[in-house]
Amino acid sequence: MVISEGAAATRQIRLSRELVQIGIAAVLLLVAGFSSVATGLLVRGSANHADERLLAEKHELESELTDLNTHIDTLRTSLESLYRKDEHYRLIAGLTPLDSATRLVGVGGPGGAASEGGALSDISGLIRRARLLSFSWREASDTLSERHDRLESMPSITPVRGYITSGFSNARMHPLLRYARPHTGVDIVANTGTPIVAAAKGRVRFVGRNSDYGLSVEIDHGYGLVTRYAHTSATLVKVGQRVDRGDTIAKVGESGLAVGPHLHYEVLVNGRPTNPSRYLLDLSVVPD
């Protein structure tokens, strides 16, 4: 029914049930169609946005992989340089340089296109090589340190300035006893009170009177080496004291069984006397 507000007559319109149902169905179809189109547009827009995001992430990852491979190449070059230095240090330390097969531990074939798996494999190989290099350097360093300590502990200087009057001998005529017996060291004549210095670094193991040696000092240098300084007039160190090469430890005298002031100097290797001349590397400072 249609009612007008003016003077026009009221009209009544009759619609059949079938027509109303058709109209409602048409409206619903239109609504469904518009909804489907709108949903498709939204989905397509979201998909396009996701594709763009994935593409951007892909480019970013490729860029990062390129940078990573560049850094790997730089590290590989640096390792090669360090290996050359390692070879030099090992030769100085008296060690055999690492062979090429050992040096290439963890290194794969020639590089191809940048890939995550390839980059990770290269990094793993470089880490193994770096660990090997670290071990090699530590070995060389320890060896050099031991050699340095051994050299510092090796008797190598004449302990007093003077004249060598009697050398090492298995049978020497003793000036006082008047019969031949071993002379287990060298005699260096010098004025009473002349400083006596340690021939190498070590620890004082004996200070005092020792039979025919008189007032003497013994220094343990490690590595089976001991030096003995006999017939002194005074000692300047104590048992257990650490000394370095060149430290003054006593003064020349003639205590014990001696004829005139001099130093009787011995070098013992594993408890056995050996010729001290083998350990006097500065004989030029001793007048003939």
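User: Why is Lys201 called partly exposed?

Analyst: In this predicted model, Lys201 has a relative accessible area of 22%. Buried means under 20% and exposed means over 50%, so Lys201, at 22%, falls in between and is called partly exposed.

User: What makes the contact of Lys201 with Asp149 a salt bridge?

Analyst: The closest N and O atoms of Lys201 and Asp149 are 2.5 Å apart. The cut-off is a side-chain nitrogen of Lys or Arg within 4 Å of a carboxyl oxygen of Asp or Glu. The pair is therefore counted as a salt bridge. Asp149 is also partly exposed, with a relative accessible area of 25%.

User: How many salt bridges does a search of the whole structure find?

Analyst: The search finds six. One of them joins Lys201 to Asp149.

User: How do you know that Arg205 and Glu218 form a salt bridge, and which elements hold them?

Analyst: Their side chains meet at 2.9 Å, N to O. The limit is 4 Å, so the pair qualifies as a salt bridge. Arg205 is in strand β6 and Glu218 in strand β7, 13 residues apart, and the pair links distant parts of the chain.

User: Are Arg205 and Glu218 buried or partly exposed?

Analyst: Arg205 has 37% relative accessibility. This value lies between the limits of 20% and 50%, so Arg205 counts as partly exposed. Glu218 has a relative accessible area of 7%, which is under 20%, so Glu218 is buried.

User: What makes the pair of Glu266 and Arg228 a salt bridge, and where do the two residues lie?

Analyst: The N to O value for the two side chains is 2.8 Å, and because the limit is 4 Å, the pair counts as a salt bridge. Glu266 is in strand β12 and Arg228 in strand β8, 38 residues apart. Both Glu266 and Arg228 are buried. Arg205, Glu218, Arg228 and Glu266 are linked in a network of salt bridges.

User: Which residues form the nonpolar patch on the surface, and which helices supply them?

Analyst: Tyr89, Ile92, Trp137 and Leu144 form the patch, with about 350 Å² of accessible area together. Helices α1 and α3 each supply at least two residues of the patch.

User: Why is Tyr83 called buried?

Analyst: Tyr83, also found in helix α1, has 1% relative accessibility. Buried means under 20%, so Tyr83 counts as buried. Tyr83 and Leu98 are 15 residues apart in sequence and 8.7 Å apart in space, C-alpha to C-alpha.

User: What makes the pair of Asp187 and His183 a polar contact?

Analyst: The side chains of Asp187 and His183 are joined at 3.2 Å. A polar contact requires N or O atoms within 3.5 Å, so this distance meets the limit. Asp187 is in strand β4 and is buried, with a relative accessible area of 9%.

User: Why is Arg161 called exposed?

Analyst: Arg161, in the loop between α3 and β1, has 59% relative accessibility. Exposed means over 50%, so Arg161 counts as exposed.

Note on methods. Residues numbered from 1 in each chain as written. Predicted model: local features only at pLDDT ≥ 70, side-chain atom pairs only at ≥ 80, totals over all residues. Heavy atoms only, no water. Buried < 20%, exposed > 50% of the residue type's maximum accessible area, 1.4 Å probe, protein only. Helix = DSSP H or I, 4+ residues; strand = E, 2+ residues; numbered from the N terminus. Patch = residues over 30% accessible without salt bridge, like charges linked within 9 Å, V, L, I, M, F, W, Y side chains within 5 Å. Areas by Shrake-Rupley, 256 points an atom, 1.4 Å probe, with all protein chains shown as cover. Polar contact = N/O pair within 3.5 Å; in protein donor to acceptor, adjacent residues only side chain to side chain.
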